[in-house]
Amino acid sequence: MSITTNLPLSVEWKDSYIQLLDQQKLPQETVFIDLHTIHDVFDAIVTLKVRGAPAIGITSAYGLVLAANSYNTASLAEFQSLLRKDRDYLATSRPTAVNLFWAIDRLIQVSLQASSINEAKTNLVHEAIQIQLEDEATCRLIGEHALSLFQKNDKLLTICNAGSIATARYGTALAPFHLAKEKNFPLSVFACETRPVLQGSRLTAWELQQSGVDVTLITDNMAAHTIKTKEISAVIVGADRITANGDTANKIGTYGLAILAKAFDIPFYVAAPLSTFDLSKETGEEIEIEERSPEEITHLGGKQIAPDGISVFNPAFDVTPNELITAIITEKGIIKGDYTKAIPTLFKD
Ligand SMILES: CSC[C@@H](O)[C@@H](O)C(=O)COP(=O)(O)O
């Protein structure tokens, strides 16, 4: 597999601990932090030091490995029960991205199949590494499929950071840009800054600039004007959870872009791995939307920008209804039309 970018890995297993790219410090500083306990992992997820659905999944899987390696019990049943408790603890870190639950449940299954504690510990670390390796291959395939939808010199619009640092590598919505660079295929992208915590300006602008991709930063309220005046050909976004009917939760602001895409009659694409689908939920109504602290809105860079005591509503995600989604791009190919019928075909071998 060829590697397109020199971007650092956002998550790396270092035999006895996790090395994490601190995404809160970007773009000013490229700082790595070491996570030694499941509590370090919980804190890193809650404080967005690691964010992006697949990266949260990978990190939480390694978090369970850290937990498992710390248990001091001779009983396999007790080991499994401790791991289940720690799984439940990590599950309370952030509710919306299903990749978190998907990854930690994979590790629980592995622990239940083991016949000794040593076997469980070995298999758990192998499974976590496997999740990360699979995600890299998956994201590259998503990038190839996405690129097949674009023409030379297309200008796209995106929001948040669904990039290399939100995944094992390449990203989902940003994968076609990394691949286009590798293939000398001219593409450009406008990145919405993504209030309130600026994943677009801090992370996407940084990541694509590092990779030499033609990226232009705009504020979120410039999207309609930009689509019109810059002749944007399509919008492409990532996803945190896709339900059985194709409704898609992603970063707050995504729904608005989907409505704009319809108004301008341009395609609206969602790029996501199969690990982001939640077939236990029929529609987006059932997705829990994380609400985060008011300070993310009332403060910017540590400075207060709103009056004391103001009421704040701070949902971190919104749900785009399936009828606004032109196609969903996955590692298994591109689906469109009746998602309730198309999505199950992705899960057939
Ligand atoms: C490939 S990442 C896809 C999504 O997780 C991404 O678009 C997103 O909404 C991330 O939100 P965040 O709050 O930064 O974790």
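I start with a cut-off: an angle over 145 degrees between two axes counts as roughly antiparallel. I keep in mind that this is a predicted model.

**Entry 1: the helix pair**

I looked up helix 2 (residues 53–70) and helix 5. They pack at an angle of about 170°, and their axes are 9 Å apart. Helix 2 and helix 5 are therefore roughly antiparallel to each other. I also noted the hand of the crossing between helix 2 and helix 5: left-handed.

Next I asked which residues of helix 2 and helix 5 make the contact. From helix 2 I listed P54, G57, I58, A61, Y62, L64, V65, A68 and N69. From helix 5 I listed A120, K121, L124, V125, A128, I131, Q132 and D135. I sorted this contact by class and got 12 nonpolar, three polar and two charged residues.

The order reads 6-5-4-7-10-15-16, and the pairing is mixed. Which strands sit at the edges? They are strand 6 (214–218) and strand 16 (333–335), each pairing on one side only. From one strand to the next, the twist averages 25°.

Then I picked one pair inside the order. Strand 10 (residues 268–271) pairs with strand 15 (residues 327–330) in the parallel sense, over three bridges. I checked V270 and found its bridge partner in strand 15: I328.

**Entry 2: helix against sheet**

Last, I asked where helix 5 lies. Helix 5 (residues 117–147) lies across strand 7 (234–237), strand 10, strand 15 and strand 16. Against strand 15, helix 5 runs at about 140°.

Technical notes
Residues numbered from 1 in each chain as written. Predicted model: local features only at pLDDT ≥ 70, side-chain atom pairs only at ≥ 80, totals over all residues. Pairing = 2+ DSSP bridges. Helix = DSSP H or I, 4+ residues; strand = E, 2+ residues; numbered from the N terminus. Axes fitted to C-alpha atoms, helices over the stretch in contact; angles between N-to-C directions. Contact = placed C-beta atoms within 7 Å. Parallel < 35°, antiparallel > 145°, perpendicular 65-115°, else oblique. Left-handed = near helix turned anticlockwise from the far one by under 90°. Nonpolar A, V, L, I, M, F, W, Y, C, P; charged D, E, K, R; others polar.
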